[in-house]
Amino acid sequence: MTAAIIDGKGFAATLRERVAALVPAFEATAGRKPGLTVVIVGEDPASQVYVRSKGKATEAAGMVSTTHRLPDTTTQDDLLALVRQLNADPAVDGILVQLPLPKHLDESEVIATIDPDKDVDGFHVVNAGRLAVGQEGFVPCTPLGCIMLLEDRLGDLSGLNAVVVGRSNIVGKPMAQLLLAKSCTVTVAHSRTKDLPEVCRRADILVAAVGRPEMIKGNWIKPGATVIDVGINRVDNGEGGTKLVGDVDFASAAEVAGAITPVPGGVGPMTIAVLLRNTLVSAYRRENVALGKGAI
Ligand SMILES: Nc1nc(=O)c2c([nH]1)NC[C@@H]1CN(c3ccc(C(=O)N[C@@H](CCC(=O)O)C(=O)O)cc3)C=[N+]21
Ligand SMILES: [Mg+2]
């Protein structure tokens, strides 16, 4: 078998267009555009690139993008004061504090200070709790993007065996909650799981979010399974440069899987598109503008 390639990049472009198409109706009612504010602390080059592409995508969707670039010397109190100021600013619908923060700053306290109703990353414990009990809130962008790709590919997910490899608060745990909400039978595997290949071979849906380059091999995959690779690992390309690879060994997996997301061009672009989607949804909710169920 040769797997179908799931075109996350193309799907994300369509989602961004659908978001953009819903901006004018909001603007006509609310008298302003939806606004996303990103806070970045320090000079990490990869984070800088990512924040710039987020800003461009936000503007391309017709929304207001604001970026606060703070120096490495920023104190916890300075950062919390900025978050509180953004919480109080009615023009700000979404607040994203780029992670990881420099080591001297306390990430969990910063996230806890964000207004949960502006937490478009879905990282606040209130949003994690809402997801766990099935209340409306914000779902982390990467797992929500994965669900969109899965439903586009498979339709109804109910009754399928889903295995999530990785248990991070940002991807693995919310991914498991979302799959459960779609009535999958969910297994969360991790670094201590006994016989991980055997557990993976039970999966109709295999989500790899471990952060280990090319760890999951083709012979760990059930023939015909749908494989979602959340990993983004920069590794040596053997020619003095670097390349991006996922957590799945793409070449061997593509011989067995029914469908698979590539890296790059799979899950990564969905993360940004869902961030715009969450910001739009936040704006509609905060201004009490009606957004039909399933509109986005
Ligand atoms: N508060 C916060 N929220 C985040 O959502 C967040 C964060 N902090 N910190 C960093 C990570 C990383 N992240 C990515 C999003 C898109 C791509 C992406 O679009 N990747 C492309 C290509 C990337 C490339 O070529 O370098 C792809 O996979 O095809 C990658 C990484 C969001 N993050
Ligand atoms: Mg783990």
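User: How are residues and chains labelled, and what confidence is asked for?
Analyst: Residues count from 1 along each chain as its sequence is written, while chains are lettered from A and ligands numbered from 1 in the order written. As the model is predicted, local features need pLDDT of at least 70 and side-chain atom pairs pLDDT 80 or more, though totals for chains, interfaces and linings use all residues.

User: Why are H1 and H11 called roughly parallel?
Analyst: The axes of H1 (residues 8-21) and H11 (residues 267-286) come within 8 Å and cross at roughly 15 degrees. Angles under 35 degrees count as roughly parallel, over 145 as roughly antiparallel, 65 to 115 as roughly perpendicular and the rest as oblique, so H1 and H11 are roughly parallel.

User: What makes H3 oblique to H11?
Analyst: The axes of H3 (residues 45-60) and H11 come within 10 Å and cross at roughly 50 degrees. That angle is why H3 counts as oblique to H11.

User: Which residues make the contact of H3 with H11?
Analyst: Ser53, Lys54, Ala57 and Thr58 of H3 meet Ile272, Leu275 and Leu276 of H11; being in contact requires C-beta atoms, placed from the backbone, within 7 Å.

User: How do you know which classes they fall into?
Analyst: Ala, Val, Leu, Ile, Met, Phe, Trp, Tyr, Cys and Pro count as nonpolar, Asp, Glu, Lys and Arg as charged, and the others, Gly among them, as polar. The contact of H3 with H11 therefore has four nonpolar, two polar and one charged residues.

Notes: Axes fitted to C-alpha atoms, helices over the stretch in contact; angles between N-to-C directions. Helix = DSSP H or I, 4+ residues; strand = E, 2+ residues; numbered from the N terminus. Contact = placed C-beta atoms within 7 Å.
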